[in-house]
Amino acid sequence: MKKTVFGILVLLCIGLCAAELYPAGSFETNSIKPLWLRRNLPKGANKADFADGFTWKIQGEKFLSGKQALLLEDKKEGCTIELNLPAVPCEAGKSYELSFRYFIEESNPKMKVSARVILAIPGQRGTYMFPTGKTEAGVWNEFKFPFKTTEAHKSIGVTIWLGASPCKVYVDDFSLVQKD
Ligand SMILES: [Ca+2]
């Protein structure tokens with residue numbers, strides 16, 4: 001009985017203490033908002049040559065949780081797929097964690113998975129962090145980046161880069177969570 005009560009209290013605390021800042025990250029609805037995507041072309045590229053080749057969709061053929069995941073695909077060479085999470089307000093002196101899972105189905109030897117986390121400070125440059133992830137193909141890789149805010153930080157902005165293309169990557173369980 002004591003164990004059960006303790007278990008319930010622990011679950012309650014996790015539920016109350018951890019705040020998910022991107023609830024749509026399992027891609028179970030047909031919208032990725034407020035996440036938005038951009039395709040970066042190779043330096044000096046002729047835009048007309050890259051009018052097509054990049055697609056994204058929420059699909060149900062391959063996923064990690066629920067029944068759906070985001071599929072990103074770029075068939076042209078040398079592009080980088082960019083995922084942006086608009087800046088969200090943060091609290092001072094708290095622990096946060098950016099995480100997502102990704103399955104690289106097709107890639108080239110130049111494949112990289114990297115991110116930029118900006119902790120903004122009004123009127124100043126802020127804190128910039130650049131974590132990277134594994135590029136193992138054919139498995140659900142885990143990207144996990146814990147960080148802490150200070151009194152000066154007012155918001156968190158996240159950008160993820162996948163590439164260079166050609167590549168085909170499934171993304172699921174995208175999360176930005178306040179841990180305490
Ligand atoms: Ca999912």
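Predicted model: local features only at pLDDT ≥ 70, side-chain atom pairs only at ≥ 80, totals over all residues.
**View 1. Strands β5 and β11 sit side by side as an antiparallel pair.**

View 2. Pick out Val117 and then its bridge partner in β11, Val158. As you follow a strand along, keep in mind that side chains in a regular strand alternate between the two faces of the sheet.

**View 3. Meet the largest nonpolar core, a set of 32 residues.** The residues with the most contacts inside this core are Tyr102, Val169, Tyr170 and Val171. Which elements give two or more residues to the core? They are β4, β5, β6 (95-106), β7, β11 and β12 (167-178). Zoom in on Val171: leaving out residues up to four places away in sequence, Val171 touches Ala69, Leu70, Leu72, Phe100 and Tyr102.

**View 4. Lys62 lies in the loop between β3 (54-59) and β4 (69-74).** Is Lys62 buried or partly exposed? Lys62 counts as partly exposed because 13 other C-beta atoms lie within 10 Å, while a buried residue would need 20 or more. Beyond its neighbours within four places in sequence, Lys62 is in contact with Ala69, Phe103 and Tyr170. Look for Asp172 as well: Lys62 and Asp172 are 110 residues apart in sequence, yet their C-alpha atoms are 9.5 Å apart in space.

Notes: Residues numbered from 1 in each chain as written. Pairing = 2+ DSSP bridges. Helix = DSSP H or I, 4+ residues; strand = E, 2+ residues; numbered from the N terminus. Buried ≥ 20, exposed ≤ 12 C-beta atoms within 10 Å, placed from the backbone. Contact = placed C-beta atoms within 7 Å. Core = buried A, V, L, I, M, F, W, Y, C linked by C-beta atoms within 7 Å.
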